[in-house]
Amino acid sequence: MQNYYREFEKQIENIKNEICDNGKKPGLLMHACCCPCSSHCIELLEEIFSITVYFYNPNIDEKEEYEKRYNEFLRFRDEADFAGGISIVREEFDPSPFYEIARGREMLPERGARCYDCYLLRMRRSAQYAAENGFDYFTTTLSISPYKNADWINEIGMKLENELRESFGDKVPQFLFSDFKKKNGYKRSVELSKEYGLYRQNYCGCRYSKPVTEDIQNLDL
């Protein structure tokens with residue numbers, strides 16, 4: 001099994017060397033599912049990248065929930081010194097693309113094929129946005145959750161980078177490998193959530209995850 005965190009560390013070392021050579025931070029588009037999951041990722045990466053948080057989550061089926069999660073990013077940026085330099089891009093609330101990929105698979109268990117295609121849906125839109133707007137790298141915060149399959153996430157990222165080359169040529173954003181839960185990353189996200197009083201939802205956002213998680217408290221999926 002490939003160690004994606006090790007691959008991430010190799011990438012980061014190479015990027016640091018490039019920064020030493022040219023003095024410029026590369027641009028990173030970071031797809032984000034929620035602020036608690038993003039908190040540690042921002043803390044970890046903000047000295048290396050110029051970060052833009054990309055909030056695109058059609059799996060969230062209630063507008064109130066969507067707005068609540070987005071607004072936490074705005075508050076966190078204002079309150080956390082290390083987050084003050086990030087930019088935030090918010091896509092409009094529209095769950096219809098998720099329902100299209102979930103049709104006929106509503107009763108599948110969590111962490112199955114429906115979830116894989118949900119990762120793919122969100123990451124593909126993120127990769128396209130990164131390519132269209134001149135970013136150097138793209139990634140997602142999804143891998144920080146112990147309930148998400150990091151192998152799938154990184155395999156999708158590599159697949160999408162190849163797709164971008166077919167559409168845009170060689171000058172496309174690279175996928176930044178991730179398994180952000182490693183090295184106590186998930187634990188750190190919990191600590192930051194407590195420090196800044198972040199809203200920590202107990203389900204991923206889609207209606208199919210609610211019955212499974214309704215009795216679970218204080219978990220980020």
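## A tour of the salt bridges and the core

Start in helix α3, residues 63-79, and select Glu65 and Arg69: both lie in this helix, 4 residues apart, about one turn. This is a predicted model. Show the two side chains. Glu65 and Arg69 form a salt bridge, with the closest N and O atoms 2.7 Å apart.

Now colour by accessibility. Glu65 has a relative accessible area of 7%, so Glu65 is buried. Arg69 is at 2% and also counts as buried. Side chains of opposite charge can pair when their charged atoms come close.

Next, select Arg90 and Glu67. Their salt bridge brings the closest N and O atoms to 2.3 Å. This pair links distant parts of the chain: Arg90 sits in strand β3 (residues 87-90), Glu67 in helix α3, and 23 residues separate them. Glu67 is at 22% relative accessibility; the cut-off for buried is under 20%, so Glu67 counts as partly exposed. Arg90, at 21%, is partly exposed too.

Is Glu92 buried or exposed? At 58% relative accessibility, Glu92 counts as exposed.

Move on to helix α7, residues 185-196, and pick Glu191. Together with Glu191, they are linked in a network of salt bridges. Glu191 is partly exposed, at a relative accessible area of 32%. Then select His40. Glu191 and His40 are 151 residues apart in sequence, yet their C-alpha atoms are 9.1 Å apart in space. For the whole structure, the count of salt bridges is 13.

Nonpolar side chains tend to be buried together in soluble globular proteins. Which residues have the most contacts inside the largest nonpolar core? Select Leu45, Phe49, Val53, Phe76 and Leu176. That core has 63 residues. Its largest share, 8 residues, comes from helix α5, residues 113-132.

Finish on Leu176. Set aside its neighbours within four places in sequence, and Leu176 is in contact with Phe8, Gln11, Ile12, Ile15, Leu28, Leu45, Phe49, Tyr137, Phe138 and Thr139.

Conventions: Residues are numbered from 1 along each chain as its sequence is written. This is a predicted model: local features need pLDDT of at least 70, side-chain atom pairs count only at pLDDT 80 or more; totals for chains, interfaces and linings use all residues. Side-chain values use heavy atoms; hydrogens and water are left out. Helices (H or I, at least four residues) and strands (E, at least two) are DSSP runs, numbered from the N terminus. Buried means under 20% relative accessible area, exposed over 50%, partly exposed in between (1.4 Å probe, protein chains only). A nonpolar core is a set of buried Ala, Val, Leu, Ile, Met, Phe, Trp, Tyr and Cys residues joined through side-chain atoms within 4.5 Å. Contact means heavy atoms within 4.5 Å. A salt bridge is a side-chain nitrogen of Lys or Arg within 4 Å of a carboxyl oxygen of Asp or Glu.
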